[in-house]
Structures are given as C-alpha cells and as structure tokens.
Amino acid sequence: MPHKHPEDRIYTVISGIFYIGLGLEFDADKLEAYPPGSVIVLPGNSPHFHWAKSGEYVTQVTAIGPLGMEYINPNDDPRIENRE
C-alpha cells in the first residue's frame, strides 16, 4: 500500500521484475516495471507503492538512516494490531 520514507532510497533490482508507482493511492496503471540491473532513486517523502506483479523479485535498498516508514493511510499499516 502507498507509503513514504523520510530518507532518500536507492533501489537496485537484483532479480525478477520490480514494479513501483508513485502516488497517494494504489493505482496499478501507475506501476513501472524495472528489470534486473535497474537502479531507481527515490527522494525522501515520495509517496509510492510496489507490487510483485509478475512473481518474486529481489532488490537491494540503500539509504542513510535513521530509517522510517509511514503509510499514507494508517489503516494499511500491518504493524498496528489494535485497530478500531
């Protein structure tokens, strides 16, 4: 689901196809496919989403901490157990 990180991130696709889209809401039409060897630079606080649309993928994520993650819709956060 759409989320953002306060830090800049660099994604390097190791295997599979990495699909990532930008925006505040998940929209499969906004997904772009990146094959192995691709490098994606994502500036901090950029709302985005990704999906294993065609199966498994492996990415290497490079960032300088402290690291963080905030879901655009807090109800999408799987770390929150007690939702009302």
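**View 1. Asn-45 counts as partly exposed, at 48% relative accessibility.** Buried stands for under 20% relative accessible area, exposed for over 50%, and partly exposed for what lies in between (1.4 Å probe, protein chains only). The model is predicted: local features need pLDDT of at least 70 and side-chain atom pairs pLDDT 80 or more, while totals for chains, interfaces and linings use all residues. Residues are numbered from 1 along each chain as its sequence is written, and side-chain values use heavy atoms, with hydrogens and water left out. Asn-45 lies in the loop between β5 and β6 (48–51). Strands (E, at least two residues) and helices (H or I, at least four) are DSSP runs, numbered from the N terminus. The phi of Asn-45 is positive, near 65°, in a residue other than glycine.

**View 2. The peptide bond between Gly-65 and Pro-66 is cis.** Its omega is about 10°. Pro-66 belongs to the loop between β7 and β8 (70–71). Most peptide bonds are trans, and most residues other than glycine have a negative phi.

**View 3. Three strands form an open sheet in the order β5-β2-β7.** The pairing is antiparallel; two strands count as paired if DSSP finds at least two bridges between them. β5 (39–42) and β7 (58–62) are at the edges with a single partner strand each, so one side of each has no neighbour in the sheet. On average, neighbouring strands of this sheet are turned by 25° against each other, direction ignored. The axes behind such angles are lines fitted to C-alpha atoms, for helices over the stretch in contact, with angles running from 0 to 180 degrees between N-to-C directions.

**View 4. β2 (residues 9–15) and β5 pair in the antiparallel sense over 4 bridges.** Thr-12 has Val-39 of β5 as its bridge partner, and Arg-9 stands opposite Leu-42 in β5. In a regular strand the side chains alternate between the two faces of the sheet. In β5, Ile-40 and Leu-42 make up the covered face, and Val-39 and Val-41 the uncovered one.

**View 5. The structure holds 2 salt bridges.** A salt bridge requires a side-chain nitrogen of Lys or Arg within 4 Å of a carboxyl oxygen of Asp or Glu. One joins the side chains of Glu-7 and Arg-9, at 2.7 Å from N to O. Glu-7 is buried at 7% relative accessibility, and Arg-9 is also buried, at 13%. Another joins Asp-77 to Arg-79, with the closest N and O atoms 2.8 Å apart. Here Asp-77 is buried, with a relative accessible area of 8%, whereas Arg-79 is exposed, at 52%.

**View 6. Tyr-11, Phe-18 and Tyr-57 are linked into a cluster by ring pairs.** Rings of Phe, Tyr and Trp (its six-membered ring) pair if their centres lie within 6.5 Å; planes under 30 degrees apart are stacked, over 60 edge-to-face, and the rest tilted. The count by this rule is 4 aromatic pairs.

**View 7. Met-1, Phe-26 and Trp-51 make a nonpolar surface patch of about 300 Å².** Patches consist of residues with over 30% relative accessible area and no salt bridge; like charges are joined within 9 Å, and nonpolar side chains (Val, Leu, Ile, Met, Phe, Trp, Tyr) within 5 Å. Accessible areas come from the Shrake-Rupley method with a 1.4 Å probe, and for residues only the protein chains shown count as cover. Met-1 lies in the segment before β1 (3–4).
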